[in-house]
Amino acid sequence: MARLGVLFGKLQQGVLENRQILTIARMRAEAEDLYGTRLSDIAPASDRIQGGFASDDGATVRKAYDGVRIEMEDAARSHKKIAQSIRDLVVNPFTRWCDAHESRIQDSQDDLQTRIKAHDRQAELAKKLRSNYFNKCRLVEDIEEENKLAFQDPETSPNAVTASNIPEIKVSENKEPEIPEEDDEPIEIGDEVYQPEQMKKILAHMLNTIPLGEHKVPIMGTYQNTSPGTDIVEYLQRNMGTTSISYAERIGQDLISNGFLRLIGNVGNSFANSSKMMYQWKTKAFQMAGVPENKKTLGRTF
């Protein structure tokens, strides 16, 4: 708005400059007209004197006098013609253009001010709708959390105490202790397929190399263990030999699809090489990499 004021201030300054030029042209025309009028008054004034050159017949001085008199009459007509030309070619057309130009500037300024006011009203409305949207998102999250806790089966509830929770010592002579089986399924990232042990090393190196920080999302709160898309792409290009940004983005999308990353603060769950797109490393990534996770409680900001 301030820059718009500067713009129209300069345009209004141009209007005043036009008036100055018109004043010069108008006064020059008046001066030429007045000068021509004064020159044309000289011959009649001299003719009113009786008994002078009018009594000479063919005298040399008489001829010189007549020459000067005729020259002044011609000069008077010439200056009057100049005055009329200035009015016809400069003053009148330039006056019409200046009036139209000043009117255009004023109309444009009024129209822009009206549009700016309408934009401000729409921006304020969008701000209110955005706040309302995030409030509803927060309510949905709260309801989902309540549903998870309210509709749990008492037998499967983490707080339920059953016989299976009581420590029991069994003595077996020939049986070896059972070891829980790990997920040995390979993981496809980009054009490569990695075994779990390989993926563990890759994730550990990522989490220890890519800067992790906090990211505050209005209404939703502050998220831990976040990285912008540009940092992740930079890591992939330096350490995983990605040949293009599009391929690096494809790897980032695979990290999301495999549950290692998620997009926050935006709709959807796509990966992009953007400093404005923030991604949170999920618990699955830390668990698989064996890296401690910062589990600071999510604090909402209102």
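This is a tutorial dialogue on reading selected features of a predicted model.

Student: What conventions apply to the model and its numbering?

Tutor: This is a predicted model, in which local features need pLDDT of at least 70, side-chain atom pairs count only at pLDDT 80 or more, and totals for chains, interfaces and linings use all residues. Residues are numbered from 1 along each chain as its sequence is written, and side-chain values use heavy atoms, with hydrogens and water left out.

Student: What is the average pLDDT of the protein?

Tutor: pLDDT is the predictor's confidence in each residue, from 0 to 100. The protein averages 83, and 83% of the residues score at least 70.

Student: Where does pLDDT stay under 50?

Tutor: Where pLDDT is low, the predicted coordinates should not be read in detail. One such stretch is residues 160–166, where pLDDT stays under 50 and the model has two contacts beyond four places in sequence; a contact means heavy atoms within 4.5 Å.

Student: Which residue pairs form salt bridges, and how many salt bridges are counted?

Tutor: Side chains of opposite charge can pair when their charged atoms come close. The rule requires a side-chain nitrogen of Lys or Arg within 4 Å of a carboxyl oxygen of Asp or Glu, and it gives a count of nine salt bridges. One of them joins R28 to E32, with the closest N and O atoms 2.8 Å apart. These two residues are four apart in helix α1 (residues 2–47), so about one helical turn separates them. Helices here are DSSP runs of H or I with at least four residues, strands are runs of E with at least two, and both are numbered from the N terminus.

Student: Is R28 buried or partly exposed, and what of E32?

Tutor: Buried means under 20% relative accessible area, exposed means over 50%, and partly exposed lies in between (1.4 Å probe, protein chains only). R28 is partly exposed because its relative accessibility is 47%, whereas E32 is buried at 7%.

Student: Which residues are linked in a network of salt bridges?

Tutor: The network links D33, K80 and R87. D33 and K80 meet through their side chains at 3.4 Å, N to O. D33 belongs to helix α1 and K80 to helix α2, so this pair ties together parts that are 47 residues apart in sequence. R87 forms a salt bridge with D33 as well, the closest N and O atoms being 3.5 Å apart. R87 is also in helix α2, so its pairing with D33 ties together parts 54 residues apart in sequence. D33 is partly exposed, with a relative accessible area of 24%; K80 is partly exposed at 33%, and R87 is partly exposed at 25%.

Student: What does H101 touch, and in which helix does H101 lie?

Tutor: H101 lies in helix α2 (residues 60–150). H101 counts as buried because its relative accessibility is 18%. Leaving aside residues up to four places away in sequence, H101 touches V15 and N18.

Student: How many residues does the largest nonpolar core have?

Tutor: In soluble globular proteins, nonpolar side chains tend to be buried together. A nonpolar core is a set of buried Ala, Val, Leu, Ile, Met, Phe, Trp, Tyr and Cys residues joined through side-chain atoms within 4.5 Å. The largest has 30 residues, and those with the most contacts inside it include M199, I232, L261 and W281. Elements giving two or more residues to this core include β1 (187–189), α3 (196–209) and α4 (229–239). The most comes from α3, with six residues. A second, separate core of eight residues includes I219, M220, I264 and M278.

Student: Which residues of α4 are buried, and what covers them?

Tutor: The buried residues in α4 are G229, I232, V233, Y235 and L236. Seen down the axis of α4, they fall within an arc of 160 degrees, so they line one face of the helix; the arc is that of the directions from the helix axis to the C-beta atoms. Their cover includes α3, β4, α5, β5 and β6. For I232, contacts outside four places in sequence include F271, Y279 and W281.
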